[in-house]
Amino acid sequence: MKYELILKILAEKNNCSPKEIEEEMIKALQIAMVTATPKSFITTVSQKVKTIYHN
């Protein structure tokens, strides 16, 4: 799934804009002291989940 589509789906479910979703994700990553961008974080985590559940 493309990053932009993920933002759009989350925005629709939360009655806000994709930009607001991305800003909140950035804040959450900063609080967690994660230096990744939201897009790279989602990509990395989804790849790891696929690996875990594929085996």
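Accessible areas here come from the Shrake-Rupley method with a 1.4 Å probe, and for residues only the protein chains shown count as cover. With that setting I looked up the surface: the protein chain exposes about 4700 Å², and carbon and sulfur atoms supply 61% of that area.

Notes on the source. I am working from a predicted model, in which local features need pLDDT of at least 70 and side-chain atom pairs count only at pLDDT 80 or more, while totals for chains, interfaces and linings use all residues. Residues are numbered from 1 along each chain as its sequence is written, and side-chain values use heavy atoms, with hydrogens and water left out.

Entry 1, elements. I took helices (H or I, at least four residues) and strands (E, at least two) as DSSP runs, numbered from the N terminus. The protein chain has three helices and zero strands, in the order α-α-α from the N terminus. I noted a C-alpha trace that spans about 35 × 25 × 15 Å along its principal axes.

Of the 55 residues of the protein chain, 15% count as buried (under 20% relative accessible area, 1.4 Å probe, protein chains only). I then looked up the largest nonpolar core, where a core is a set of buried Ala, Val, Leu, Ile, Met, Phe, Trp, Tyr and Cys residues joined through side-chain atoms within 4.5 Å. Its five residues are Tyr 3, Leu 7, Ala 11, Ile 21 and Met 25.

I used axes as lines fitted to C-alpha atoms, for helices over the stretch in contact, with angles from 0 to 180 degrees between N-to-C directions. The axes of α2 (residues 18-31) and α3 (residues 38-54) come within 9 Å and cross at roughly 75°. That makes α2 roughly perpendicular to α3 (65 to 115 degrees). For contact (heavy atoms within 4.5 Å) I found Glu 22, Met 25, Ile 26 and Leu 29 in α2 meeting Pro 38, Phe 41 and Ile 42 in α3. By class, this contact of α2 with α3 has six nonpolar, no polar and one charged residues.

Helices α1 and α3 pack at an angle of about 100°, with their axes 10 Å apart. That makes α1 roughly perpendicular to α3. I list Tyr 3, Glu 4 and Ile 6 in α1 as meeting Pro 38, Lys 39 and Ile 42 in α3.

Conventions: Parallel < 35°, antiparallel > 145°, perpendicular 65-115°, else oblique. Nonpolar A, V, L, I, M, F, W, Y, C, P; charged D, E, K, R; others polar. Buried < 20%, exposed > 50% of the residue type's maximum accessible area, 1.4 Å probe, protein only.
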